[in-house]
Amino acid sequence: VSINLRLILVSGKTKEFLFSPNDSAADIAKHVYDNWPMDWEEEQVSSPNILRLIYQGRFLHGNVTLGALKLPFGKTTVMHLVARETLPEPNSQGQRNREKTGESNCCVIL
């Protein structure tokens, strides 16, 4: 059984890959890095360690497997692929936004 992932770059370029439910986000980053598509040449990165997957608006940590995300088999799942050194700290985005506006009546739904 495999999971079809359509990865989208910031530039809008897409490519589909097949993965196993046991593959983790780090495995996927390594596979994509090792099999970097020819038409993505302009977006080539220096290391698989800075490739990050975003699924439903959230960064996936390296050890999260596709199976743990309960992705549907037989359907294409879309994820974004970005080059980023570090993952954002949980809730740090909300904190910064609050400080900017001076409002404190904002909530983060996880």
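A residue counts as exposed when its relative accessible area is over 50% and as buried when that area is under 20%. In this predicted model, Gly74 has a relative accessible area of 79% and is therefore exposed. The protein as a whole comprises 2 helices and 5 strands, and buried residues make up 33% of its 110 residues.

**Overall architecture**

- Read from the N terminus, the elements of the protein follow the order β-β-α-β-β-β-α.
- Among the contacts in the protein with a separation of 6 or more, 58% are accounted for by residues 24 or more positions apart.
- The protein exposes about 7400 Å², and carbon and sulfur atoms supply 51% of this area.

**The sheet and the helix across it**

- The 5 strands form an open sheet with mixed pairing, in which the order is β2-β1-β5-β3-β4, and the edge strands, each pairing on one side only, are β2 and β4.
- Strands of a sheet pair through backbone hydrogen bonds, in either a parallel or an antiparallel manner.
- For β1 and β2 the sense of the pairing is antiparallel, and it extends over 6 bridges; Leu7 stands opposite Lys15 in β2.
- The helix α1 lies across β1, β2, β3 and β5, and runs at about 125° to β2.

**The nonpolar core**

- In soluble globular proteins, nonpolar side chains tend to be buried together.
- Here the largest nonpolar core has 22 residues, and those with the most contacts inside it are Leu5, Leu7, Val32, Met79 and Leu81.
- At least two residues of this core are supplied by each of β1 (3-8), β2 (14-19), α1 (25-34), β3 (51-55) and β5, while the largest share, 4 residues, comes from α1.
- Leu7, which is one of the residues with the most contacts inside the core, touches Lys13, Thr14, Lys15, Phe17, Val32, Trp40, Leu53, Met79 and Leu81, when residues up to four places away in sequence are not counted.

- Gly74, with its relative accessible area of 79%, is found in the loop between β4 (58-59) and β5 (76-83).
- Although Gly74 and Val1 are 73 residues apart along the chain, their C-alpha atoms are separated by 8.6 Å.

Methods: Residues are numbered from 1 along each chain as its sequence is written. This is a predicted model: local features need pLDDT of at least 70, side-chain atom pairs count only at pLDDT 80 or more; totals for chains, interfaces and linings use all residues. Side-chain values use heavy atoms; hydrogens and water are left out. Buried means under 20% relative accessible area, exposed over 50%, partly exposed in between (1.4 Å probe, protein chains only). A nonpolar core is a set of buried Ala, Val, Leu, Ile, Met, Phe, Trp, Tyr and Cys residues joined through side-chain atoms within 4.5 Å. Contact means heavy atoms within 4.5 Å. Two strands pair if DSSP finds at least two bridges between them. Axes are lines fitted to C-alpha atoms, for helices over the stretch in contact, and angles run from 0 to 180 degrees between N-to-C directions. Accessible areas come from the Shrake-Rupley method with a 1.4 Å probe; for residues, only the protein chains shown count as cover.
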